[in-house]
Amino acid sequence: MLRFLAFLMFIVVLLPIGLTRSVFHSSRFGRRFHQAPTAWDHSVNKL
Amino acid sequence: MAIYVLGISAFYHDSAAALVKDGVPVAAAQEERFTRVRHDPAFPAQAIAYCLDAEGITLDDLEAVVYYEDPQEKFSRVISSFASGGIGGARTFINAMPEWIRWKWNVLKFVDEQLEILSRGKAPRTQASQHHRSHAAAAFYPSPFKNAAVLCIDGIGEWHSTTIWHGKGSNLELKNSISYPHSVGLLYSAMTYYCGFKVDSGEYKLMGLAPYGQPIYADKIRDELINIREDGSFTLNMKYFEYLRGERMVGEAFEELFGGPIRQPESPISQRECDLAASIQKVTEEVVLGLATAAVKQTGERNLCLAGGVALNCVANGVLSRSGRFDSIWIQPAAGDAGCALGAALDFAVKHSGRPHLDGNKSDAMSGSLLGPGFGDEEIAQFLLENQYPFTRYDDAGLYDQVASRLAEGAVVGWFQGRMEFGPRALGARSILGDARNPEMQRTMNLKIKYRESFRPFAPAVLAEDAGNYFDICEKSPYMLMVAPVTDSIKSQQSRQESGPERGLGSINNIRSQLPAVTHVDLSARVQTVTEENNAPFTYLLRSFKERTGCSVLVNTSFNVRGEPIVCKPEEAYACFMRTEMDVLVLGRYVLERPGQPAFVEAVDWRSEIPLD
């Protein structure tokens, strides 16, 4: 039962999120983030 | 009344428990030492029982129980990771989720239930710390510094893989962080996996392999795998990594990049693996130096504390030390996740008790990291007499003189004294010792004692006051976490030449210095500086050896065979002694020579019981 729920969760929630991220390169997992000028979570200048 | 706080780390690898009394660590141990399962991730029931027994208390006496990380935050990272991993992660996700839903999601409740099963009283409800906060607390609070920059670098916690903290008195403030999936620890682990070693335990093998190679792949790593910024931050190019899907670290893209398949475990090691190791080590050193420099800039402090698995990379630590960018560096001896148990407890305890060790004249609050179980002479004698093992008992002076004499004769000695170390290194409480001047010692220890790969180097323990005579070391290294070059004065003639010593895989047994057993192929050594404050018996032994030989250096390696956790009890030390070709075993004041010991018969061949690491 739990495995089935996990399968549903993967198909209904995770895959669409992943697809959106890969299309828009909108997450820290994507290529755009890899090319960003900094990877610090908080801007160094503001510290 | 004393305030006791129990810290717990568990359910990933290296489970551990630690007990802090009035702001001072008084007991800590990894579960693996009791269960004899290397890197045991299980609930640390025996380690907790030991901690309570060490202070003669029950769970009722605890002010707090603190778990080392936040399960909900970790869960959100796991979900997010699988979302970005795509369809390839479906099977792993479906297999992993039931466990998360059943208990991992609410691990604090599970910990409470496990504590109840111990039947040692009623514990306060477990509360959660955060993974990197636990690392930072373990790095800063026991350190000798009133204020410091604190840098934690590991594989992954909840979200953070790298954090910078400002330690000020009894406070820790998070200044900045780098988050998953970007992690220098995971980058190093990925190369470890690619080179055919186990993730989370084989990294130190890769580090040991690096000096045999040339960093010919370093540019490729910089160009393709990691983007290192001038501000010290970095990201990984995720198209080369597969850990988002939870099954393996790297795959075809990585193989294509480096032009070859993942090395099969236990297959012969080639120059290629050495070059890969040298390359990832070089890039890691650059990243760590950049991060440490950023930590100093962002906090304004020049004293640096380190923790996290990457802080066990003693070659990188040596680079930091020699860079001159820091006034002083202190590294938590249990820098990996086991140390998070201590950090979680300290983070709570220091708020109530402050940092009492700063008021005294101690160099730090770790008691030499000798926080594990100890065994008195009576217990040892009982064990030996019950089993009719022949021994000789010595008084203090006689003991050190006798052991030093046997070491000088070339004997390999199992040295079991006092309380066990907390952390991955043997520091002279559960150690195998040998004469570092002996050109045969490295080969003997690797092949006849440890039964491990012949490329792996051994570390020297040296009297702190004499360290400068042998090693170009900038500061104390009480926990064997700094690599330093050997001094010119002890280098062999060939090593002094401009071309330097031969560094290929076949050169391991070449004589490079007056301390051939501990001088690695790049003329470096992973130094432990020994003081009376940190470990009095070991200091007396080194002094005795110096009186006899003029040399205050010994080979110090952990008291175990390959794949086995370091021994904890006298019976485990005796078994290890008899399974190997060690010459002498010292248990407290009792000295056992191999000749004369009864035949050691075991029902099952231990080699089949201990999996290779």
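Which side chain of chain B makes a polar contact with the side chain of B:S177? In this predicted model, the partner is B:H160, and the contact spans 3.4 Å. The legends below begin with this residue and then turn to aromatic rings.

Figure 1. The side chain of B:S177 makes a polar contact with that of B:H160 at 3.4 Å. A further polar contact, of 2.6 Å, joins the side chain of B:S177 to the side chain of A:D41. B:S177 has a relative accessibility of 1% and therefore counts as buried, since buried residues have under 20% relative accessible area. When neighbours within four places in sequence are left aside, B:S177 is in contact with A:A39, A:W40, A:D41 and A:H42 from chain A, and with B:H160, B:T162 and B:T163 from chain B.

**Figure 2. The aromatic pair B:F11 and B:W103.** A search of the whole structure finds 33 aromatic pairs over all chains. In the pair shown here, the ring centres of B:F11 and B:W103 are 4.9 Å apart and the planes meet at 75°, so the arrangement is edge-to-face. B:F11 belongs to the loop between β1 (4–9) and β2 (16–21) of chain B, whereas B:W103 belongs to helix α4 (residues 90–104) of chain B; the pair therefore ties together parts that are 92 residues apart in sequence. B:F11 is buried, with a relative accessible area of 17%, and B:W103 is buried as well, at 18%.

**Figure 3. The tilted pair B:Y180 and B:Y243.** The ring centres of B:Y180 and B:Y243 lie 6.0 Å apart and the planes are at 55°, so this pair is tilted. B:Y180 is located in the loop between β8 (171–179) and α7 (184–194) of chain B, and B:Y243 in the loop between β10 (234–236) and α10 (252–258) of chain B, so that the pair ties together parts 63 residues apart in sequence. Both B:Y180 and B:Y243 are buried.

**Figure 4. A cluster of aromatic residues linked by ring pairs.** B:Y180 and B:Y243 are members of this cluster, together with A:F29, B:W159, B:Y194, B:Y217, B:F241, B:F254 and B:F258.

**Figure 5. Charged side chains over the rings of B:Y12 and B:F577.** The charged end of B:K74 sits over the ring of B:Y12, at 5.2 Å from the ring centre. B:R594 lies over the face of B:F577, at 4.9 Å from the centre of that ring.

Methods: Residues numbered from 1 in each chain as written. Chains lettered and ligands numbered in written order. Predicted model: local features only at pLDDT ≥ 70, side-chain atom pairs only at ≥ 80, totals over all residues. Heavy atoms only, no water. Phe/Tyr/Trp six-rings, centres within 6.5 Å; stacked < 30°, edge-to-face > 60°. Helix = DSSP H or I, 4+ residues; strand = E, 2+ residues; numbered from the N terminus. Buried < 20%, exposed > 50% of the residue type's maximum accessible area, 1.4 Å probe, protein only. Lys NZ or Arg CZ within 6 Å of the ring centre and 35° of its normal. Polar contact = N/O pair within 3.5 Å; in protein donor to acceptor, adjacent residues only side chain to side chain. Contact = heavy atoms within 4.5 Å.
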